[in-house]
Amino acid sequence: MSYADKIFIENCRDILESGFSDEALDVRPRWEDGAPAHTIKKFGIVNRYDLSKEFPIMTLRRTALKTCVDELLWIWQKKSSNIADLGSRIWDQWADESGSIGKAYGYQLGVKHHYREGEFDQVDRVIYDLKHNPQSRRIMTNIYNHHDLHEMHLYPCAYSMTFNVSGNVLNAILNQRSQDMLTANNWNVCQYAVLVHMLAKVSGLVPGELVHVIADAHIYDRHIPLVKAMLEKEPYDAPEFRLEEGVTDFYAFTKDSVSLEGYKYHELNEKIPVAE
């Protein structure tokens, strides 16, 4: 069994069995037909993935690794907030007529800041510190900028990364304010596991732990039957993860720099509705 499957099963069973339902409350999200999108949730879930042991991709349903890496690089490498720079259509519903999602996600990572060592954006500052000051306890990014929230078409969900080096091992904490467990949980886990692998590679380090902290981990009401059906399936073992050899520049990675060997997964034929 993939460890990512084990964690997903435990999280979802906990939510379904003892979570809080907001069915009686007035909620902001809506389904495409205008009905309120209610959830059942747990507060403060913390999951730990040891990237030195296996890559945390689930097998209960397919996670499209190259597509989620394309989105990761759109944010962290291109630092873009325009969907024209993204290979998929997953952000279309939040883009305006020009294709912009406002001052969100990649825009925030690309803003330059002044430091004693020079001028960096957040990504380049992380890379600089991992190479030149790895013992620092200040290697962090944060894209939840209150000053710009009114110009973001969607507030950041996964909003903060903290990197910490122990010897030659790169560990990281991903902070997430909100998590749609069915649609996005493993998607985000895989993205930031890949990010740790990439940053470790270009910094002369090896990947260690990814700790995922979720403030509001929820399952939408119309997702519950899909989740319950997934929990009845028998998971497969995790595949082998491969990262392109010889790359020493973070900006040289592409979605094709990652691959999986022996990835077996269950098909999910039902369309997953997305609340807005």
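Let me begin with burial: of the 276 residues in the chain, 51% are buried, where buried means under 20% relative accessible area, exposed over 50%, and partly exposed in between, with a 1.4 Å probe and protein chains only. Please keep in mind that this is a predicted model, in which local features need pLDDT of at least 70 and side-chain atom pairs count only at pLDDT 80 or more, while totals for chains, interfaces and linings use all residues. Residues are numbered from 1 along each chain as its sequence is written, and side-chain values use heavy atoms, with hydrogens and water left out.

The secondary structure comprises six helices and 10 strands, taken as DSSP runs (helices are H or I of at least four residues, strands are E of at least two) and numbered from the N terminus. Taken along the principal axes, the C-alpha atoms fill a box of roughly 55 × 45 × 30 Å. If we look at contacts, meaning heavy atoms within 4.5 Å, between residues at least 6 apart in sequence, 70% of them join residues at least 24 apart.

Turning to helix α4, which covers residues 122-132, its buried residues are Q122, V123, R125, V126, I127, D129 and L130. The N-terminal end of α4 is capped by D121, which places a side-chain oxygen 3.1 Å from the backbone nitrogen of V123.

My next residue is S80, which sits in the loop between α2 (65-76) and α3 (106-110). Is S80 buried or exposed? S80 counts as buried, because its relative accessibility is 6%. Not counting residues up to four places away in sequence, S80 touches W74, I75, D85, G106 and Y107, and its side chain also reaches the backbone nitrogen of N82 at 3.0 Å.

Finally, N188 belongs to helix α5, residues 181-203, and with 10% relative accessibility N188 too counts as buried. Which residues does N188 contact, once neighbours within four places in sequence are left aside? They are L174, Q176 and Q179, and between L174 and N188, 14 residues apart in sequence, the C-alpha to C-alpha separation is 9.2 Å. The side chain of N188 makes polar contacts with the side chains of Q176, at 2.9 Å, and of Q191, at 3.2 Å; a polar contact here is a pair of N or O atoms within 3.5 Å, where within protein one must be able to donate a hydrogen and the other to accept it, and residues adjacent in sequence count only if both atoms are side-chain atoms.
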